[in-house]
Structures are given as C-alpha cells and as structure tokens.
Amino acid sequence: MTASRLLVQDFAGVTVVTLADSSIIDAAIIDSIGKELYALVDVQNKRQMVLDFTNVKTLSSHSLGVLLTLKKKIAEIKGMLALCAVRKEISKIFSLTGLDKQFAFFPDDAAALQSFGVRVK
C-alpha cells in the first residue's frame with residue numbers, strides 16, 4: 001500500500017484536505033490523489049470539503065479534471081467544495097481554462113472554513 005498524499009482533518013463536519021505534494025504533474029500521482037479524494041466522498045460520505053493548496057507549486061491540466069470530477073461527486077450528495085491557498089501561478093491555470101468560475105477560492109483554510117460556518121481561532 002502506498003503512503004497517502006493527503007493530510008485529512010475534520011473541523012465540525014468540514015473535511016480539510018491538505019495536498020502534500022509540491023508538484024502535481026505526474027499522471028500516477030494525479031491518479032493516486034484522485035482515488036483518495038473520491039474515496040472521501042464515495043466511501044466516507046464527506047460532503048463539505050476544503051482542498052488546501054498551500055504546498056502545491058505546480059499543477060498539470062490533468063489535475064483539473066480530477067478536481068472537476070470531485071466537485072461533481074460532492075454536488076451529487078448536495079455538498080460543497082472550496083479551494084484555499086492557491087498560488088498565483090496556479091490560479092492563472094484556473095483563469096485561462098475558465099474554471100475560476102467553477103470553484104470557490106479562499107486565501108486560507110480559516111477563511112474557507114468560515115464559508116461553511118466554522119470558526120477557527
């Protein structure tokens with residue numbers, strides 16, 4: 001079994017997933033991350049999720065497909081997905097593809113959690 005590429009924490013019913021990798025461009029890594037994220041929704045029924053991009057410096061376009069599928073899975077169970085701490089270089093990818101309008105972006109996990117009604121600190 002491979003080690004998880006995600007740090008998963010729960011805050012008052014909201015799951016905060018921190019992506020551990022700084023570079024998410026390899027297809028095998030992307031597939032591994034996708035499977036872990038999908039399992040959180042499909043198996044553990046996590047419906048309120050924040051993806052924390054603090055560690056991520058590079059991201060491939062293939063990753064965007066994983067994020068769109070995750071968003072769809074969460075929407076199907078009437079949940080919500082928020083992204084936080086996305087670097088400027090990566091946010092440009094979302095803008096260029098028009099996906100910046102598909103996701104809710106927040107500067108950090110505290111702001112993202114607040115959007116779910118969870119106060120931290």
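Guide: A helix here is a DSSP run of H or I, at least four residues long, and helices are numbered from the N terminus. The model is predicted.

Visitor: Where is the place of leucine 70?
Guide: Start from the helix numbering, which runs from the N terminus. One of these helices spans residues 61–76. Leucine 70 has its place in helix H2.

Visitor: Is leucine 70 buried or exposed?
Guide: The cut-off for buried is under 20% relative accessible area. Leucine 70 has a relative accessibility of 0%, so this residue counts as buried.

Visitor: Which residues is leucine 70 in contact with, leaving aside its neighbours within four places in sequence?
Guide: Contact takes heavy atoms within 4.5 Å. With sequence neighbours within four places set aside, the partners of leucine 70 are Leu37, Tyr38, Val41, Met49, Leu51 and Leu81.

Visitor: Which residues in H1 meet H2?
Guide: On the H2 side, the contact includes His62, Gly65, Leu70 and Ile74. By class, the contact of the two helices has seven nonpolar, five polar and three charged residues. From H1 come Ile30, Asp31, Gly34, Leu37, Tyr38, Val41 and Asp42.

Visitor: How much space lies in the largest cavity?
Guide: Rolling a probe the size of a water molecule over the atoms shows where empty space is left. The count comes to one cavity of 30 Å³ or more. The space in the largest cavity is about 70 Å³.

Visitor: Which elements give two or more residues to the lining of the largest cavity?
Guide: The lining includes Ile30, Ile33, Leu37, Ser63, Val66 and Leu67. By class, it has nine nonpolar, one polar and no charged residues. The elements giving two or more residues to this lining are H1 and H2.

Visitor: Is serine 60 buried or exposed?
Guide: Serine 60 sits in the loop between strand S5 (58–59) and H2. Not counting residues up to four places away in sequence, serine 60 touches Ile24, Ile25 and Ile30. Its relative accessible area is 15%, and buried means under 20%, so serine 60 is buried.

Visitor: What is the relative accessible area of valine 8?
Guide: Valine 8 has its place in strand S1 (residues 6–11). Not counting residues up to four places away in sequence, valine 8 touches Thr15, Val16, Val17 and Leu40. Valine 8 is partly exposed because its relative accessible area is 36%.

Visitor: How far apart in space are valine 8 and threonine 97, C-alpha to C-alpha?
Guide: In sequence, valine 8 and threonine 97 are 89 residues apart. In space, their C-alpha to C-alpha distance is 28 Å.

Visitor: What is phi of asparagine 45 near?
Guide: Most residues other than glycine have a negative phi. Asparagine 45 lies in the loop between H1 and strand S4 (48–52). Its phi is a positive value, in a residue other than glycine, near 60 degrees.

Visitor: What about alanine 85, and what is its phi?
Guide: Alanine 85 is in the loop between strand S6 (80–84) and helix H3 (88–97). It is not a glycine, yet its phi is positive, at about 55 degrees.

Conventions:
Residues numbered from 1 in each chain as written. Predicted model: local features only at pLDDT ≥ 70, side-chain atom pairs only at ≥ 80, totals over all residues. Heavy atoms only, no water. Axes fitted to C-alpha atoms, helices over the stretch in contact; angles between N-to-C directions. Nonpolar A, V, L, I, M, F, W, Y, C, P; charged D, E, K, R; others polar. 1 Å grid on protein atoms, 1.4 Å probe; cavity = no way out; pocket = protein on both sides within 12 Å on 5 of 7 lines; lining within 4 Å. Points joined across faces, edges and corners; volume = space filled by probe spheres on them. Buried < 20%, exposed > 50% of the residue type's maximum accessible area, 1.4 Å probe, protein only.
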